[in-house]
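Keep the model open beside you as you read.

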Amino acid sequence: MAVRKRPAPRTATPPRPPRGPRGRARRAGPTPWLYLAPALVVLGGLLAYPVYQLGLISLFHYTQAQVSGGEPTTFRGLGNYAELFADEQFWQVLLTTVLFAAACVVSTLAVGCALAVLLTRVRAVPRLALMLAALGAWATPAVTGSTVWLLLFDADFGPVNRILGLGDHSWTYGRYSAFLLVLLEVVWCSFPFVMVTVYAGIRAVPAEVLEAAALDGASQWRVWRSVLAPMLRPILVVVTIQSVIWDFKVFTQIYVMTGGGGIAGQNLVLNVYAYQKAFASSQYSLGAAIGVVMLLILLAVTLVYLRLLRRQGEEL
């Protein structure tokens, strides 16, 4: 009589750990949030209440009469936004702001990344001199830097016109020349952040990778495009988002260098436009509505950019 062998018991297959950033976050549990809690509390206290007040004011009819108590505050709901979106000047200023911010971001990233690569190619003394000069530009207050640039490009006493042989050419009179002057100042005070951050990232790249690219005969541009840029993508994401936020809400340089928005408002950007509505015209509710629109635009751009990167498998 044949004896039937009992099958060996099956061992339970351990579940596969979840992949991707979300899976890692689930495995980590609440520990990362505990580390972030103090910073989140501080940021919530410093940002949440002002944003709440900004949104609240944008829903009321709030002018100088309401501030002085001469008239009661009335609720308008989305009436301020309807009035704002019906204003043709708002759309012109919005388009100008987007184009100007894009030019500033691209220029800042190009200059900062180029100088970061240059820092890896020069000796210690020139590298230290360039770093100190860049950090000096970064530490200069925006008002001071804007005033210095105005003096450099002054039509009567500026050395730039004398060197270029432009006579008494006024850089702030024309719309595009004024924007160019402001763009140069914005890049001058913004590129050090990009340069230092990208330089630190390049120093963290293994030397063997760069040596292999050099042995393959890759040019400097090919090394940057095919080796360094992909490896530095998380860092480039950070500096790009920071530059977008800073340049989209630029105020001081435009206000100081163009005298509050240029001749007939030809150099207005959204921040200066909101200032004029709120304080020059005492329409505080419209100024608050512009601020809310700017906040939503920046949040949308940041979220879309991060979402595209996550779809490409980048870890942020």
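## The model and its conventions

This is a predicted model, in which local features need pLDDT of at least 70, side-chain atom pairs count only at pLDDT 80 or more, and totals for chains, interfaces and linings use all residues. Residues are numbered from 1 along each chain as its sequence is written, and side-chain values use heavy atoms, with hydrogens and water left out.

## The chain as a whole

The protein's secondary structure consists of 15 helices and two strands. These are DSSP runs numbered from the N terminus: helices are H or I with at least four residues, and strands are E with at least two. Of the 316 residues, 33% count as buried. Here buried means under 20% relative accessible area, exposed means over 50%, and partly exposed lies in between (1.4 Å probe, protein chains only).

The accessible surface comes to about 19800 Å², and 66% of that belongs to carbon and sulfur atoms. Areas come from the Shrake-Rupley method with a 1.4 Å probe, and for residues only the protein chains shown count as cover. Among contacts (heavy atoms within 4.5 Å) between residues at least 6 apart in sequence, 66% join residues at least 24 apart.

## Aromatic rings

A search of the whole structure turns up 17 aromatic pairs. Rings of Phe, Tyr and Trp (its six-membered ring) pair if their centres lie within 6.5 Å; planes under 30 degrees apart count as stacked, over 60 as edge-to-face and the rest as tilted. One of the pairs is phenylalanine 60 with phenylalanine 75, edge-to-face at 5.3 Å centre to centre and 75 degrees between the planes. This pair links distant parts of the chain, 15 residues apart: phenylalanine 60 is in strand E1 (residues 60-61) and phenylalanine 75 in strand E2 (residues 74-75). Phenylalanine 60 counts as partly exposed because its relative accessibility is 23%, whereas phenylalanine 75, at 59%, counts as exposed.

Phenylalanine 193 and tryptophan 246 make another edge-to-face pair, with 5.2 Å centre to centre and 65 degrees between the planes. Phenylalanine 193 is buried at 14% relative accessibility, while tryptophan 246 is partly exposed at 33%. Elsewhere, Tyr62, Phe251, Tyr255, Tyr275, Phe279 and Tyr284 form one aromatic cluster.

## A nonpolar patch on the surface

Which residues form the nonpolar patch on the surface? They are Val42, Leu43, Leu46, Leu47, Val51, Leu295, Leu296, Leu299 and Leu303, with about 840 Å² of accessible area together. The elements giving two or more residues to the patch are helix H2 (31-57) and helix H15 (284-311), and H2 gives the most, with five.

Patches are made of residues with over 30% relative accessible area and no salt bridge, where like charges are joined within 9 Å and nonpolar side chains (Val, Leu, Ile, Met, Phe, Trp, Tyr) within 5 Å. A salt bridge is a side-chain nitrogen of Lys or Arg within 4 Å of a carboxyl oxygen of Asp or Glu. Leucine 296, in helix H15, is exposed because its relative accessible area is 52%.

## Two residues to look up

Threonine 96 lies in helix H5 (residues 88-119). Is threonine 96 buried or exposed? Threonine 96 counts as buried, because its relative accessibility is 13%. Not counting residues up to four places away in sequence, threonine 96 touches Arg175, Phe179 and Leu268.

Alanine 218 sits in the loop between helix H10 (207-215) and helix H11 (220-231). Its 29% relative accessibility makes alanine 218 partly exposed. Leaving out residues up to four places away in sequence, alanine 218 touches Ala213 and Val223.
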